[in-house]
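Hi everyone, thanks for making time this morning.

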Amino acid sequence: MSEESHRAVPSTPGPQSQGRADMTLHCVRCRWSAPLSSLAWRCGQCGGVLDLANFSPALPARDVLATRAPTLWRYAEALPVVEPREITMGEGMTPLLAVPDRPGVGLKVDYLMPTGSFKDRGAVVLAALATELGVSELVADSSGNAGAAIAAYAARAGLRCEIFVPVATSEGKLAQLRAYGANVHRIPGPRENAAKAAMEASGRDGVLYASHVYHPVFLHGTKTYVFELWEQLGGRLPDTLVLPVGNGTLVLGAYVGCRELLEQRLIEKLPTIIAVQAQGCAPLAEAFARGLDEPVKVAAAETAAEGIAIARPARGAQILAAVRQTGGEIVSISEPEIRAAQADLAKAGLYVEPTAAVCWAAVRSGITPNDSESRLQVACRSDLERGIHTVVPLCGSGLKSRK
Ligand SMILES: *Cc1c(COP(=O)(O)O)cnc(C)c1O
Ligand SMILES: [Zn+2]
């Protein structure tokens, strides 16, 4: 087990890969692997996180894509499951808006997904996998949006669903979970306690731990965020992707998607990823600032950005490595900046939850870590002729957060 491989960023499949039946889950830390058809969600030997391997995704040509329906299933050849016609709700291909007073910045409106957050991208792919594998029940833990997405797609797929949430979860999010018919368990203590309870509940036969954090197939759903951007910008990516980070499902999904585009020579270089945390809970921003390879141990503090208040991100080392590989950085934002950004967006007709305002807060504040000019500021000023150079997601609806 080499230290090097432990820090490896999510692997993207090589040219030697074969068909769907051969796909495997493999440990990022040791040599352990299992077929995708197993219900494994972490390494059976060392407990490390798993990546998807032996899969050769390929994006069809742009003129072929242009003939397809505006859903994320237009990227069928790049997804590890077949389109589940009875489960899909037409998710994907969310709008990309220009920002009038900030030329060059685009807003990708992912809160228009069926359950109100970008988590639907991963959840629909995971639910499709569950159906292909014939499981009868999904178990998940979440601070809200991931649970809602899993619960909605479980309902459509006719699967039982158990969701474990921290007691502090917003009423609006709890109401949504219950409406989909999920059994909701409110777990006292920090967010990790909900995860532990879900892991214990998912040890039974026929049960898939549909974890957005652990199951690597979730990242192959969230990667469609960058495929859509690539199409929406006429076959290119912006220079800078500003992304929220808690457990890293959007950051790592975006990274996987960018790697795939690069390997297929559809882009020439990886865009810079600027990942954003809340100052109240910033284990990755602190590790980044100190040049560490693993997240710093922090006490979970109060932040209105409940969706990224993750004190111990399981894929923390992968997130740090991925962001560094893009030449990016991980920054953090204060509570007043989050509130101001949320209000600012609402005045522009865009109603998001606090978590979904952190990236806009980073752009507005022109983040200056270590008092030096950040890449973000540079990106915001750069060459306007090339059109949108920085994209910010609005990835969670304000309607359900009530905060
Ligand atoms: C889940 C979520 C995030 C953070 O995603 P991670 O996978 O934890 O990094 C950010 N914003 C919203 C609205 C979310 O639902
Ligand atoms: Zn292992």
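Let me begin with a term: a nonpolar core is a set of buried Ala, Val, Leu, Ile, Met, Phe, Trp, Tyr and Cys residues joined through side-chain atoms within 4.5 Å. Please keep in mind that what you see is a predicted model.

With that term in hand, which residues touch the most other members of the largest nonpolar core? They are Ile 330 and Trp 360, in a core of 69 residues. Helix α9 gives this core its largest share, 7 residues. There is also another core apart from that one, with 44 residues, including Leu 25 and Val 217.

Let's stay with Trp 360 for a moment. Leaving out residues up to four places away in sequence, Trp 360 touches Val 99, Arg 102, Val 105, Leu 107, Ala 341, Asp 344, Leu 345 and Val 392.

Now the overall picture. The protein chain has 403 residues, and 60% of them count as buried. Its secondary structure amounts to 14 helices and 13 strands. If you take the contacts between residues at least 6 apart in sequence, 69% of them join residues at least 24 apart.

How do helix α8 and helix α9 pack? Helix α8 covers residues 224-232 and helix α9 residues 249-263; their axes lie 7 Å apart, at an angle of about 55 degrees. The two helices are therefore oblique to each other. On the α8 side, the meeting residues are Tyr 225, Val 226, Phe 227 and Trp 230. On the α9 side, they include Leu 250, Ala 254 and Leu 261. Sorted by class, this contact has 8 nonpolar, 1 polar and 1 charged residues.

Thr 249 belongs to helix α9. Is Thr 249 buried or exposed? Its relative accessible area is 6%, so Thr 249 is buried. Among the residues Thr 249 touches, beyond those up to four places away in sequence, are Phe 118, Lys 119, His 212 and Phe 218.

The other one, Thr 24, sits in strand β1, which runs over residues 24-27. Thr 24 has 16% relative accessibility and therefore counts as buried, since buried means under 20%. Again setting aside residues up to four places away in sequence, its contacts include Ala 34, Pro 35, Leu 36 and Asp 51.

Terms used: Residues are numbered from 1 along each chain as its sequence is written. Chains are lettered from A and ligands numbered from 1 in the order in which they are written. This is a predicted model: local features need pLDDT of at least 70, side-chain atom pairs count only at pLDDT 80 or more; totals for chains, interfaces and linings use all residues. Side-chain values use heavy atoms; hydrogens and water are left out. Helices (H or I, at least four residues) and strands (E, at least two) are DSSP runs, numbered from the N terminus. Buried means under 20% relative accessible area, exposed over 50%, partly exposed in between (1.4 Å probe, protein chains only). Contact means heavy atoms within 4.5 Å. Axes are lines fitted to C-alpha atoms, for helices over the stretch in contact, and angles run from 0 to 180 degrees between N-to-C directions. Angles under 35 degrees count as roughly parallel, over 145 as roughly antiparallel, 65 to 115 as roughly perpendicular and the rest as oblique. Ala, Val, Leu, Ile, Met, Phe, Trp, Tyr, Cys and Pro count as nonpolar, Asp, Glu, Lys and Arg as charged, and the others, Gly among them, as polar.
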